[in-house]
Amino acid sequence: KMTQQMRDLQLAQARKPPGPSSPNAAKRLYRNLSGKFRVNYTSFDEGSLAGRSEKEKLRKSYLIQSNAALFEAVELQDLDRVQELLKQYSPEELDLNTPNSEGLLPLDIAIMTNNAPIAKALLQAGAKESPHFMSLESRSLHLSTLVREAEQRVNELTAQVVNEAPNTDCSDKEKQLKAWEWRYRLYKRMKAGFEHARVPDPPSNVQLSVASSSSVHVTFWEPLSVNSAVVTKYKVEWSCSPTFSPLLGEAVIDKLKNLHFTIQGLVSGTAYYVQVSAYNMKGWGPPQSSVPPFAIPSNWREYDGRAPRRRGQAEALDQLLSQVKTVHQHCVCHEPCKNQPQSRKHSVSKSLKHLFHPGSKFLKTLKRGLYLTAVFYKDDNILVTHEDQIPVVEIDDTYSCLLMQDFLWFTKVSCMWDEILWLRQCVTVSQSSCSCILQTRFKMLLATSQMQGLLGIQDLGQVFFEPIKDKQGNILIVTLKEVKTNQTFESVRWVPICKLQTSRKSVSSPEEPTALDTLLITVQDKLAYHRRSSHALSPGLYLGYLKLCSAVDQIRVLVPERLPNILCHVKIRSNPNISREEWKWLQKMVSMDEPVPTEPEADTSQNHLFQELQVAIKELMTLVNIPLQEAKDFRLYSQEVLDFGGQVSFLLLLPPSDDVCTAPGQNNPYTPRSGFLTLPLQIFELGKKR
């Protein structure tokens, strides 16, 4: 087996394109093979590897080859091959930080030959420098030893080639001589690269910002000069003194994918100075102070001691709901349900069979009335009944005019799918009042329970923001839910959406499609809306635009189609926190009578925010198609910063008071470009809570 493995490796090497090779690469390969396979033979003798598959053993040999191949690719300065290996294997599989027999790592070879692209690729993959190089002297001595030994080996092989008669052995000696001559030149180049290198220049664009009441955040770029050796790590230092004496702390950053660091555990209201320095194989370079030179950990709430708006609200609502349920649990209406099995206990796979059972209560066609449909989708497939119909149940066959308040009430019910049975029983008590509204809402709950029971699924998903209506008097409320599990169910058919759209035979004319036909025609748009509604913003501070329009029975808010759960917005910066000093400056700016505020002092956080706001306002005005000269009449909402989970915050830009909400029939002179829609305000609020 050992012989066969070696033959396979030799054949694989023979297929490689011709080029300079390293004798040590072959030695490493043989050494790794002999060592690792010796363990395997011992294990085979003991019978401990009898159950291992050939595929696993073959992969082991591939990993051994990949380690040798990485060294060779770095030595040959083959960037494409290095990137290919780093993408194909993990750092552990490549033994990326295990020194070879010469005490070198791939990163050592890359930085001492000053191959910046390969060195950066290795650093981003997690490569380290060799632990053998504890000082400049140890690195210099090590390189001198490698050069001397390579030179000695070249001299020995030269003498053997000159003195021996031509034969097969002599031909092998000549190949070894050429390889060692190449390695001798490599070591000399590495030694020269080390000797001519100098410490790196300071990092560039060192920016400091306040991250919270107890932390500051520093970002920086690589040094501008490319004449020094490759930078392999950075050091962040902080102090309460501009002279950095005494030093309060430091942190070394050796993961160079993102050049930033958050200093935590600081004292609110205290000024902290920060500087950053870079390191290469010649040592640490001079530090670069941040801009601004110091930052004071704080938050805008400290300006007037304001408590978070939503502190304890969720807990209070949960407690209120619990109290309401406690009051109702002893009602007479709840007695019959004590022995009823919970529908949530039904097996999903068992209950989904009802989709294809002839006795299913799903409807095939609509007659004048109010209906509920549940759209479950997975990738480009949609769940249908045995008759290739989207599941539909009837709510009320006498209801021909859906009041917006009933629909908005049902959207709130969608936040409590697990409580439908309890809600239905509570509404039953109130039916004695003979309220038409309660009658309709009870039927909505009844239809929801029916849909849940037939599907065997409690969560019917998110209610689409508007019902589908047709000229035949049908109203269709649509719920949307994405199924991400890979679980398969018996007798369940996921039909491609395109196939369902093309195979369905419409019973209506194109001019007057039924609500079901309209659903099939627009289902892709509705699924796209549902997917986008669950997207989240990346952390940062945003500038939002609040624009409302009113109708007789509702108020709607303008949102972007790509993120319908968020106001129209642009990003101001990646740091979501607004410091006390920045908020103080904003309050002063808003209270000024002059249309153009005075620009704050340079190199302050207030000045950076001022510049960022100017850029964001111009970008936002362009986005919503409002002339920039009109922005002078807009206002910045200065009562609070809207905080969403601590990682996303918003400043609001408001139109003039008379234009915040467009009344029915009022002309809006500035219509946003395509890519926007208006949502009922209650739907938008529910989307934010999700």
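How are H12 and H14 oriented to each other? They are oblique, as the section on that pair sets out.

## Overall composition

This is a predicted model. The protein contains 19 helices and 24 strands. Of its 690 residues, 44% are buried. Among contacts with a separation of 6 or more, 73% are between residues 24 or more positions apart.

The accessible surface of the protein is about 36600 Å². Carbon and sulfur atoms contribute 53% of that surface.

## Helices H12 and H14

Helix H12 spans residues 404-413 and helix H14 spans residues 436-455. Their axes lie 11 Å apart and the packing angle is about 40°. Angles under 35 degrees would count as roughly parallel and 65 to 115 as roughly perpendicular, so H12 and H14 are oblique to each other. The crossing of H12 past H14 is right-handed.

On the H12 side, the residues in contact are Gln405, Asp406, Trp409, Phe410 and Val413. They meet Ile437, Thr440, Arg441, Met444, Leu445 and Thr448 of H14. By class, this contact has 6 nonpolar, 3 polar and 2 charged residues.

## Helices H4 and H7

Helix H4 (residues 79-88) packs with helix H7 (residues 116-124) at an angle of about 5°, and their axes are 10 Å apart. H4 is therefore roughly parallel to H7.

Leu79, Val82 and Leu86 of H4 form the contact with Pro117, Ile118, Ala121 and Leu122 of H7. By class, the contact of H4 with H7 has 7 nonpolar residues, with no polar and no charged residues.

Conventions:
Residues numbered from 1 in each chain as written. Predicted model: local features only at pLDDT ≥ 70, side-chain atom pairs only at ≥ 80, totals over all residues. Heavy atoms only, no water. Helix = DSSP H or I, 4+ residues; strand = E, 2+ residues; numbered from the N terminus. Buried < 20%, exposed > 50% of the residue type's maximum accessible area, 1.4 Å probe, protein only. Contact = heavy atoms within 4.5 Å. Areas by Shrake-Rupley, 256 points an atom, 1.4 Å probe, with all protein chains shown as cover. Axes fitted to C-alpha atoms, helices over the stretch in contact; angles between N-to-C directions. Parallel < 35°, antiparallel > 145°, perpendicular 65-115°, else oblique. Left-handed = near helix turned anticlockwise from the far one by under 90°. Nonpolar A, V, L, I, M, F, W, Y, C, P; charged D, E, K, R; others polar.
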